[in-house]
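Subject: A structure for you to look through

Hi there,

Here is the structure I promised to pass on. Please open it next to this email and follow along.

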Amino acid sequence: MTAGEIDLLTPGTPVDLTNCEREPIHVPGSIQPRGVLLAVSDPDLVVEQASENLEQLVGMPWQEALGRPLSEVIGVAAAGAVVRSASAFGDLRERNPVEVTLDVGGRQEPVDALLHRVVVRAGRNGPDGAPVACLVVELEPARGPRPFSFPNTYQAVRGTIADLNRASSLQELYDITAQAVRSLTGFDRVMVYRYDADYNGEVVAEAKVEGLNSFLGLHYPASDIPAQARALYEKNWVRLISDVSYVPSPIHPVAHPVSGEPLDLTFSTLRSVSPIHVEYLRNMGVHASMSISLLRGERLWGLIACHHYSGPHAPPYATRAAAEFLGSTLSLRLVDRAEEDEVRRALQARTTLTRLATAALDEDRALTDALLGSPGLLDLVPADGVVVRLQGRTRSSGAELPGAVADALAAWAARQGSDVVASDALPADAPGVVADEVPVRGALVLPLPGGQYVLWFRDEAVRHIDWGGDPHNKAIAEGEGDDVRLSPRKSFDAWRETVRGRSEPWTAAELAEAGELRTSLLEALYARSRSVVRAAETLQRSLLTAPVAPAGFDLAVRYVPAAREAQVGGDWYDVFTQPDGSTTVVIGDVVGHDTRAAATMGQLRGLLRGIAYASSAGPADVLSRLDAAIEGLVLGAMATVLVGRLEPPAGPGGPARLRWASAGHLPPLLLTPDGAVEVLDGARPGLLLGVDPARPRTDQELLLPPGSTLLVCTDGLVERRDQVFDDGVALLAGALTDLRDSPVAELCDALLGRLLPGRAEDDVALLAVRVSPGA
């Protein structure tokens, strides 16, 4: 959640623990006085706001600085250095600090100038005006090695980087980082915090001076760092409080003259911090503090927290930059290690899933026996036990679960209306379904047609959590005259909590794999069912649901089965959004037209999703990996597939970017806003999958202007016994031109009506995506 998504308090509202999660900490209206702040207009560099302590460093009262050119406030030479840095291309923060020297009463004062831009809008009480850039100049007295440079920064941490590269475990990564940051910065205590999914923190590594009590292994509730503070940590990676007893230096005027609102200090290094947080640190006996963000992607994974107890402590900018570099390196190592573990686990799970899907299609074995063989369902999703009720048979593996309890849990799951239902707290989520004497506290259920189901269960996992203070008593009452307010807790002694009534949680990966298994089970049920049409319709609904259109695009998909009894085949489409905001689109056609082709299609679809999701690999690399998996898993499949990756426009009215690669599939067609149609066949499509996995594949790229439409389809739309491929493509291009003004959904329906006037001779999958004109 970002600061803009939180219902923030009005600046100036008194803050205590009842409302601190709504405190607008990005606009405190003051700074820490270890430096000074100037907000100047850009590009003419006239001072619009100044911190009250300006005279202490610059020698000029803040009242005299307002309205004057920056050069008259800090000197011509210093202002020139600021101008040169501010005029360069790119993020100003990447070039910080700007090393300047101020002439203060004849005394030469070396200073680090830290620059960043803030966009402000005119019209606080009226219609918003055009955005205006404001240059924020923060000046800190320079300490530490100069000149500052990346080689100097890297030199300070080079040995630690080598140690991190050699680390063989996550714990070793944590320990090396904590010790290195403490040695670098001189703080009394350095801790590495790791957050869980709910942002409760755990101290996983610690380096400290001798004599301090240890915080290692303690947990801290998510409320210790509210959501708006976490949002700032994700944007500004280093935060220093050099003296918790500082007196904030107000910014004058309080409201920026253009916006009429307090200056946004999200990226400020001197930003004044919440008084609640300062009090929290004082209650811990901390005199100075520094935090370094640890990120996975753009999400806060943890923190390196530094505490000093013997008095104020202000590491120079160069030291803070080196510590930030260490934090970024640790973040990258953590991501690499996590991705390695995830890939290893995902490949093992994918292999198990493929074998289970293959076994389930063996009609000579009971479906329940096929799922509980070797490998079995407990190899796919670890649990204390599993119960399977399919096609009139019930079998189990692992611990025993009374049949009535299993049926009651399955009925509860069916009422939830989801394909995959999971709970790790059944007494709370499904009260009365499981009796107290039954130890089961978690269940993962796949409801299937006709009252059938697969049910994994987990017993109670009693957890002992050591908290840094009682997490259920986080506040104490403080008297203030006739009033009483809530203050942060003062006790941080270890407090053990015993958590009961829950099982080990089900991971997102386990839920996804269970969902993939459900798809395979629907295929198996279809193949074994006497009612072929009804089973085929269930399978189609499971595999080819309508995707949600990604932001910035209009999307439509269609699937038309061939005119045969079993209305299921090997054609498919897929659309899913990646964590980085791009969208992956897939169209494919497995060789064959029977249930086996549909089963192979399900396997390829699942494999492709597993390979492509959250991966930086391009479409060509995704296809190569899928081809290698087909060979390595001995699937014996052959298919044509086209994979594309759509990146939304970078700004209003801009083009979208498409990268795609083809494995023997039909080329995509591009319909421009003026009705022109281009067949994107500039490069030869690669071989279809299942022929030669070693053959290299290449990506193609194209910019899609607003209002343009990309169309991909399988060959059933353009190829028939009485019509060759080229003629079909020409007919399709002509129809696209005629229908250029139609919304994408109507466009798809009209294309099917024109090109398939009767029953389809072959399966047809069709996907159209249009770049929204206003994206």
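Is aspartate 762 buried or exposed? With a relative accessible area of 15%, aspartate 762 is buried; here buried means under 20% relative accessible area, exposed over 50%, and partly exposed in between, using a 1.4 Å probe and protein chains only.

Before going further, a word on how to read the model. This is a predicted model, in which local features need pLDDT of at least 70 and side-chain atom pairs count only at pLDDT 80 or more, while totals for chains, interfaces and linings use all residues. Residues are numbered from 1 along each chain as its sequence is written, and side-chain values use heavy atoms, leaving out hydrogens and water.

**Two aspartates**

Aspartate 762 sits in the loop between helix H19 (744-755) and strand S32 (764-771); helices (H or I, at least four residues) and strands (E, at least two) are DSSP runs, numbered from the N terminus. Leaving aside neighbours within four places in sequence, aspartate 762 is in contact (heavy atoms within 4.5 Å) with Val560, Ala562, His593, Asp715 and Gly716.

Aspartate 571 belongs to strand S24 (residues 571-577) and is buried, with a relative accessible area of 0%. Beyond four places in sequence, the contacts of aspartate 571 include Leu544, Met601, Thr714 and Asp763. With threonine 714 there is also a side-chain to side-chain polar contact at 2.8 Å. A polar contact is a pair of N or O atoms within 3.5 Å; within protein, one must be able to donate a hydrogen and the other to accept it, and residues adjacent in sequence count only if both atoms are side-chain atoms.

**The nonpolar cores**

The largest nonpolar core has 49 residues, and Trp572, Tyr573 and Leu608 are among those with the most contacts inside it. Such a core is a set of buried Ala, Val, Leu, Ile, Met, Phe, Trp, Tyr and Cys residues joined through side-chain atoms within 4.5 Å. Helix H16 (residues 595-612) supplies the largest share of this core, seven residues. A second, separate core of 31 residues includes Val36, Leu38, Leu45 and Trp62.

**A sheet and a helix across it**

Seven strands form an open sheet in the order S1-S11-S3-S2-S6-S5-S4, with antiparallel pairing; two strands pair if DSSP finds at least two bridges between them. Strand S1 (30-31) and strand S4 (98-104) stand at the edges with a single partner strand each, so one side of each has no neighbour in the sheet. Inside the sheet, strand S2 (residues 36-41) pairs with S3 in the antiparallel sense over three bridges, and leucine 38 stands opposite alanine 50 in S3.

**Helix H8**

Among the buried residues of helix H8 (residues 275-283) are Ile276, Tyr280 and Leu281. The N-terminal end of H8 is capped by serine 274, with a side-chain oxygen 3.1 Å from the backbone nitrogen of isoleucine 276. Just after H8, glycine 285 takes a positive phi of about 80°.

**Where to be careful**

The mean pLDDT (the predictor's confidence in each residue, from 0 to 100) is 83 for the protein, and 85% of its residues reach 70 or more. Confidence is highest in strand S3 (residues 47-51), at a mean of 96, and lowest in strand S20 (residues 475-480), at 37. Over residues 530-537 pLDDT stays under 50. Where pLDDT is low, the predicted coordinates should not be read in detail.

Enjoy exploring!
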